[in-house]
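Trainee: I would like to go through this model and ask what stands behind each term. Please set each value against its definition.

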Amino acid sequence: MKRILVTGGAGFIGSAVVRHIIEATQDSVMVVDKLTYAGNLESLAVIADNERYSFEQVDICDRAALDRVFAQYRPDVIMHLAAESHVDRSIDGPAAFIETNVVGTYTLLEAARRYWQPLDAEKKQNFRFHHISTDEVYGDLHGTDDLFTETTPYSPSSPYSASKASSDHLVRAWLRTYGLPTIVTNCSNNYGPYHFPEKLIPLVILNAVAGKPLPVYGDGAQVRDWLYVEDHARALYQVVTEGVVGETYNIGGHNERKNIEVVHSICDLLEELAPNKPQGVTKYRDLITYVKDRPGHDMRYAIDAGKIDRELGWRPQETFESGIRKTVSWYLNNETWWRRVQDGSYAGERLGLSD
Ligand code: NAD
């Protein structure tokens, strides 16, 4: 029974990881999260009463607060997911991305090192610092057959991916220089329940049921490899418990789709699952609106997830068809969750979003 400290546990992937650990294992979790706009404790409501779960509102840039958390909780492992994660926001305002993703990761590494160094030999050896990162650090692929592997050179395009690339390098340097037992995973685009509605898939679902335009960047030909978030949560738990220190594991869904194909799939599912359309809408596909492309937009990402399959026996359980059906159904059945995000009440008064 491990004590797992999860940073960013109130976010989209972090909350899936925490729900997975509490529901599928006997381990304990402490979530450390600043609760930015992307942090939502309502995504943890189903496990919030469990005695193996606890929460601390802490900024990973706050050295003293991190030292206090480490001293009190005494984790066996860390899963580091706290980050600024939205590419468009990084283009409009990169500062927060450098602060949290680079300085925050550095501050967390140092807090972990201060805690880890004096541990007894066995605890020290079994300790893990698992850094969760993105395939966007590799830049983009222009052919149709290439795949990112764990040895693909880094070539980030956006302030977001450059900040994540920096953090990956810091994590590897802390192993090489100080011996801190780190592991890095780089994954493709996640989707699934509890996804903040600024991201493509939830945005399209919620705009469609509201009869609003469905914005598609450029010609919609950009390709992403979609990973169902619960498959990802299983993979991350397997890596932190069975992965080899110093290794990198790429995690992908084997589900390459053009953005426009994703939007078409959602529209077609909504025709079946939400046939009572908003007034004035004949077909959901009629709502598709092409908008000016994002600057520096990467063309294609696709992951070779062969290593984690071969070495840890992980592979995704969901196909894109099964995962997107689950996702659309989840949004149709969980209106309270997303309405409270849309009107700002999920954040109470802390972000000044609600009336
Ligand atoms: P998210 O934006 O949904 O959640 C991020 C969480 O981190 C939020 O709860 C937020 O409150 C918290 N946070 C932000 N700044 C913080 C700080 N300074 N201190 C403490 N907490 C802070 O992100 P996500 O989609 O769940 O992504 C989680 C991780 O996975 C990130 O590191 C991201 O780079 C990586 N990733 C995400 C995707 C994806 O498709 N979502 C793909 C690849 C990699």
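Trainee: Which residues are closest to the ligand, and how many surround it?

Mentor: The ligand is surrounded by 31 residues, and the closest are G8, G11, A38, G39 and A83. A residue is near a molecule if its C-beta atom, placed from the backbone, lies within 6 Å of it. Two or more residues of this shell come from each of α1 (12-24), α4 (95-116) and β5 (128-134). Helices (H or I, at least four residues) and strands (E, at least two) are DSSP runs, numbered from the N terminus.

Mentor: Two remarks on the source. This is a predicted model, in which local features need pLDDT of at least 70 and side-chain atom pairs count only at pLDDT 80 or more, while totals for chains, interfaces and linings use all residues. Residues are numbered from 1 along each chain as its sequence is written.

Trainee: What makes D268 partly exposed?

Mentor: A residue is buried if 20 or more other C-beta atoms lie within 10 Å of its own, exposed if 12 or fewer, and partly exposed in between, with C-beta atoms placed from the backbone. D268 has 15 such atoms within 10 Å, so D268 is partly exposed. D268 lies in helix α9 (residues 259-273).

Trainee: Why does L35 count as partly exposed?

Mentor: L35 has 18 C-beta neighbours inside 10 Å, so L35 counts as partly exposed. L35 sits in the loop between β2 (28-33) and β3 (53-57), and has a positive phi of about 60 degrees although it is not a glycine. Most residues other than glycine have a negative phi.

Trainee: What is the largest nonpolar core made of?

Mentor: A nonpolar core is a set of buried Ala, Val, Leu, Ile, Met, Phe, Trp, Tyr and Cys residues joined through C-beta atoms within 7 Å. The largest one has 88 residues, and L236 is among those with the most contacts inside it. Leaving out residues up to four places away in sequence, L236 touches V17, M79, I132 and T185; contact here means C-beta atoms, placed from the backbone, within 7 Å.

Methods
Contact = placed C-beta atoms within 7 Å.
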